[in-house]
Amino acid sequence: MATVTLDNLRKEFDNGRIVAVDDVSLDVEDGEFVTVVGPSGCGKSTTLRMLAGLESPTSGTIEIDGEDVTDVHARRRDVAMVFQNYALYPHKTVRQNMAFGLRMSTDLSKDEREERVRETAEMMDIEELLDDRPDELSGGQKQRVALGRAIVREPDVFLFDEPLSNLDAKLRTTMRTEIQRLQNELGITAIYVTHDQEEAMTMGDRIAILNDGVLQQTGAPKEVYRNPRNEFVGGFVGSPSMNFLDVAVAGDGGRVALTNDDGFEYELTGEAARAVSETGVTEARLGIRPENVTVTDGEDGLLATVEVVEPVGSDNYLHLDLGPDFIARVDSHVEPSNGDAIRVTFDQRDVTLFDAASGESLLWEEPTERKKATA
Ligand code: ATP
């Protein structure tokens, strides 16, 4: 078990023409499960590869359990990495694949290695596959073996690079739970890279969002969802995505009017109004999540036309003409027809506002409490 600290970690390629990882700093607690998420090319894999020792940083440091390992060879770091493509040796049996890493990284005797492999295979429910070769296994079985091979080494830190991307949706869900269970039981610090925000949100104690090599925000999934630091984070986490509307901001401390040329009008009051007017920003983007847009029977609220009703079983997604791709996620019993005029409202507590120029949230609050690792 170990803490992991990245301090201003930077990786440039092509003589500095590509900055894959741009001065990322991150503290991972002992036993914590941190998911690193972001769009393709944002630097997730490069960060993880530096942690594993497969890539050297251009600058910055990596500490594992307080020890600076920035220049320590991959083989001498007590980390185990699980890859998307399994990376099993094709000519070795499952047993040999699992034992090989142990032989390289420990001085256990042959008998001890065999015992550890057997125990881990039992834990992973792959005992009956021990004499098979990788090409005889399904994708799911290969990934279990790859996980088993990582676990058998009893590393200080688990690194996962999109380990479930090659599996079908159902198996992916099963394996997510399994990885979480194992990580929890073993209490091993884990850093898990994925481009899938849902996976990141459901698996992580904490989620770290990267864009263009820059760390945008870290926090408990719920906190990041409710309190995004900038427009990128607001739009990246959550499905369907947060709705955005361009608005002009006007007013003094007590009341702030948000309006636009399409007839949108909304008034902020109280603390939020004060916070926004203090920034002096006059052009903003309002963000509201689809599930926080409520259809009302009353005369109040915003008038909107239903463009399309998209049923998804439990809910209906109402596409409204309030803005581009503006969706209200409502109960499946709320069933207007296409072309209907409806009224919608939303609670001020669910509204976020971003500076139109910088994208930074005007309502972001420093979280008071950081979620501790449970292990
Ligand atoms: P994906 O989800 O697509 O794997 P990622 O977030 O893991 O993306 P990285 O693979 O870390 O992103 O790549 C970050 C950036 O660095 C990209 O622009 C990529 O093209 C570039 N890059 C990565 N490795 C190299 C390399 N060896 N040489 C040059 N550029 C590289």
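**Group meeting: rings, charges and a ligand site**

So, a search of the whole structure turns up 8 aromatic pairs. By a pair I mean rings of Phe, Tyr and Trp (its six-membered ring) with centres within 6.5 Å; planes under 30 degrees apart are called stacked, over 60 edge-to-face, and the rest tilted. Before I go on: this is a predicted model, where local features need pLDDT of at least 70 and side-chain atom pairs count only at pLDDT 80 or more, while totals for chains, interfaces and linings use all residues. Residues are numbered from 1 along each chain as its sequence is written, and side-chain values use heavy atoms, with hydrogens and water left out.

Okay, rings. Tyr 89 and Phe 100 make an edge-to-face pair, with 5.1 Å centre to centre and 75 degrees between the planes. Tyr 89 sits in the loop between β6 (79–83) and α2 (94–105), and Phe 100 is in helix α2, so the pair ties together parts that are 11 residues apart in sequence. Helices here are DSSP runs (H or I, at least four residues), as are strands (E, at least two), numbered from the N terminus.

Now a tilted one: Phe 158 and Phe 160, 5.2 Å centre to centre, 50 degrees between the planes. Are these two buried or exposed? Phe 158 is buried, at 2% relative accessible area, and Phe 160 is buried too, at 1%. Tyr 89, on the other hand, is partly exposed at 36%. The cut-offs: buried is under 20%, exposed over 50%, partly exposed in between, with a 1.4 Å probe and protein chains only.

Next, charges over rings (NZ of Lys or CZ of Arg within 6 Å of the ring centre and within 35 degrees of the ring normal). Lys 92 lies over the face of Tyr 89, 5.5 Å from the ring centre. Arg 229 does this with Trp 364, at 4.0 Å.

And the ligand. Which residues are around it? Among them are Phe 13, Gly 41, Lys 44, Thr 46 and Glu 162, each with a heavy atom within 4 Å. There are polar contacts, meaning N or O atoms within 3.5 Å; within protein, one must be able to donate a hydrogen and the other to accept it, and residues adjacent in sequence count only if both atoms are side-chain atoms. A polar backbone atom of Gly 41 is 2.8 Å from a ligand oxygen. From the side chains, a polar atom of Lys 44 comes in at 2.9 Å from a ligand oxygen, and an N or O atom of Thr 46 at 2.5 Å.
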